[in-house]
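These are my notebook entries on one structure.

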Amino acid sequence: MKTAGLISTSDLCLFHNVEINFVEMLQEADLIKVTIVNKNTFIPNTELQKLEKFINLHQLGINVEGLEAISHLLDRFEKTQEDLRHLKNKLRLYEGE
Amino acid sequence: MAFIDYYKTLGVSKTATDKDIKNAYRKLARKYHPDLNPDNAEAHKKFQELNEANEVLSDPEKRTKYDKYGENWQHGEAYEQQARQQQGRQGGYGGAGGFGNFTDSESFGGGDFSDFFKSMFGGGGSRQTKYRGQDFNSELHLTLLDIAETHKRTLTINGKNIRITIPAGIENGQTIKIAGHGGAGVNNGPAGDLYIKFSIADDARFKRDGINLYATVKLDLYTAVLGGEITAETLTGKVKVKVKAETQNGTKVKLKGKGMPVYKKANEFGDLFLTYDIQIPANLTEKQKQLFEELSKS
């Protein structure tokens with residue numbers, strides 16, 4: 001199987017100075033997706049930004065449970081912001097009358 | 001260039017231990033981290049200030065220099081140079097030659113250091129720590145017509161030309177991220193991102209609600225009563241619309257597929273809703289008045 005578009009988890013952990021266990025815990029919590037090729041774990045390119053965000057926050061002393069809660073809240077925040085934008089645009093429609 | 005009290009920034013005393021500083025930084029960074037404060041420019045700025053304070057106070061050499069010269073930091077280099085020259089004359093060794101060799105790896109993000117920092121410590125942060133560049137925010141003002149079709153546009157952001165694709169149907173207030181087009185990273189750190197917020201101006205002819213457009217069309221009384229055909233404006237051109245006889249004032253008609261393009265869905269469009277505003281004829285001739293009178297009696 002090809003590994004194009006995949007980054008070795010061990011290389012990435014070495015680069016960011018984090019335990020591989022941390023990535024495994026993120027995966028178990030469904031916070032990131034990993035791919036296994038020939039018994040080696042890889043991170044898809046598309047997950048990299050998300051993973052690096054979690055690593056940054058983890059380095060501030062936030063554990064995986066905390067990251068899980070943050071992730072849910074950020075998703076809700078994003079959705080609320082989108083709703084707010086829609087409603088503001090709708091309000092503009094009536095205010096202009 | 002104003003003096004920056006890094007201790008105050010982190011909320012610690014001048015006698016704070018390394019652990020106190022680390023804890024204070026972590027606590028505040030958790031509060032102001034950009035990932036936890038999306039679209040909050042104030043938090044981003046605060047986070048940069050925290051990083052800068054941490055960069056100095058968590059490094060023994062930098063902290064010593066900062067503590068030593070304090071508000072007279074501007075003369076710090078001159079003092080150092082003088083001291084080195086004196087040591088040289090006395091046959092001693094030449095010193096470390098500056099304060100740039102730092103190894104802190106705890107702080108991250110926000111490579112935009114203050115002039116104060118650069119003046120005191122040179123460059124933008126330690127030589128070994130990589131910092132992601134600053135995120136840039138920009139607002140692009142467009143009209144409804146501008147977003148009727150996907151097109152490319154060249155923007156000049158901080159002196160650099162960036163060619164972006166503006167997707168048809170983008171919403172007012174929507175933000176897109178252009179990865180890697182923010183400020184340059186420090187010490188080979190990744191560049192920041194560029195966030196472009198779209199501001200779509202109100203249109204004199206159409207009101208927009210999501211993918212649908214609304215317009216009011218004036219309709220003369222005779223066409224409303226007898227029926228006929230009118231030419232109506234759409235966002236991208238004119239179309240002929242049949243009017244049923246005995247159309248009432250305020251009647252709405254739907255022109256399917258003549259609304260806004262659906263965002264990121266090719267060949268899908270919303271609808272255009274026309275509301276008829278029937279115009280009562282004015283300045284009637286005597287004959288017209290008579291005819292109306294006859295009508296009213298019939």
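**Entry 1: B:Leu142.** I looked up B:Leu142 and found that it lies in strand 1 (residues 136–142) of chain B. Strands (E, at least two residues) and helices (H or I, at least four residues) are DSSP runs, numbered from the N terminus. The model is predicted, and local features need pLDDT of at least 70, side-chain atom pairs count only at pLDDT 80 or more, and totals for chains, interfaces and linings use all residues. Residues are numbered from 1 along each chain as its sequence is written, while chains are lettered from A and ligands numbered from 1 in the order in which they are written.

The cut-offs are 20 or more other C-beta atoms within 10 Å for a buried residue, 12 or fewer for an exposed one, and in between for a partly exposed one, with C-beta atoms placed from the backbone. Not counting residues up to four places away in sequence, B:Leu142 touches B:Ile147, B:Phe198 and B:Ile200. Two residues are in contact if their C-beta atoms, placed from the backbone, lie within 7 Å. I also noted that B:Leu142 and B:Ile200 are 58 residues apart in sequence, yet 4.9 Å apart in space, C-alpha to C-alpha.

**Entry 2: strand pairs in chain B.** I then turned to strand 8 (residues 228–234) and strand 9 (residues 237–243) of chain B, which pair in the antiparallel sense over seven bridges. Two strands pair if DSSP finds at least two bridges between them. A hairpin of two residues joins strand 8 to strand 9 of chain B. Across this pair, B:Ile230 stands opposite B:Val241 in strand 9 of chain B.

Next I traced an open sheet of four strands in chain B, with the order 6-7-11-10 and mixed pairing. Its edge strands are strand 6 and strand 10 (252–255) of chain B, each of which pairs on one side only. Neighbouring strands of this sheet are turned by 30° against each other on average, direction ignored. For such angles, axes are lines fitted to C-alpha atoms, for helices over the stretch in contact, and the angles run from 0 to 180 degrees between N-to-C directions. Strand 10 of chain B runs antiparallel to strand 11 (residues 272–279) of chain B, with four bridges between them. There, B:Leu255 stands opposite B:Leu272 in strand 11 of chain B.

**Entry 3: two lysines in loops.** B:Lys264 is in the loop between strand 10 and strand 11 of chain B. It has a positive phi of about 60°, although it is not a glycine. B:Lys264 counts as exposed because it has 11 C-beta neighbours inside 10 Å. A:Lys39 is not a glycine either, and its positive phi is about 70°. It has 5 C-beta neighbours inside 10 Å and therefore counts as exposed.

**Entry 4: nonpolar cores.** Which residues of the largest nonpolar core touch the most other members? They are B:Tyr6, B:Leu10, B:Tyr25, B:Leu28 and B:Leu50, in a core of 15 residues. A nonpolar core is a set of buried Ala, Val, Leu, Ile, Met, Phe, Trp, Tyr and Cys residues joined through C-beta atoms within 7 Å. Helix 1 (6–10), helix 2 and helix 3 (41–57) of chain B are the elements that give two or more residues to this core. Helix 2 of chain B gives the largest share, six residues. Another core, of 13 residues, lies apart from it, and includes A:Val23, A:Ile32, A:Leu57 and A:Leu67.

Entry 5: I listed four helices and three strands in chain A, running β-α-α-β-β-α-α from the N terminus on. Of the 97 residues in chain A, 15% are buried.

The contact between the chains takes 18 residues from chain B and 16 residues from chain A. On the side of chain B that touches chain A, helix 2 of chain B gives the most, with three residues.
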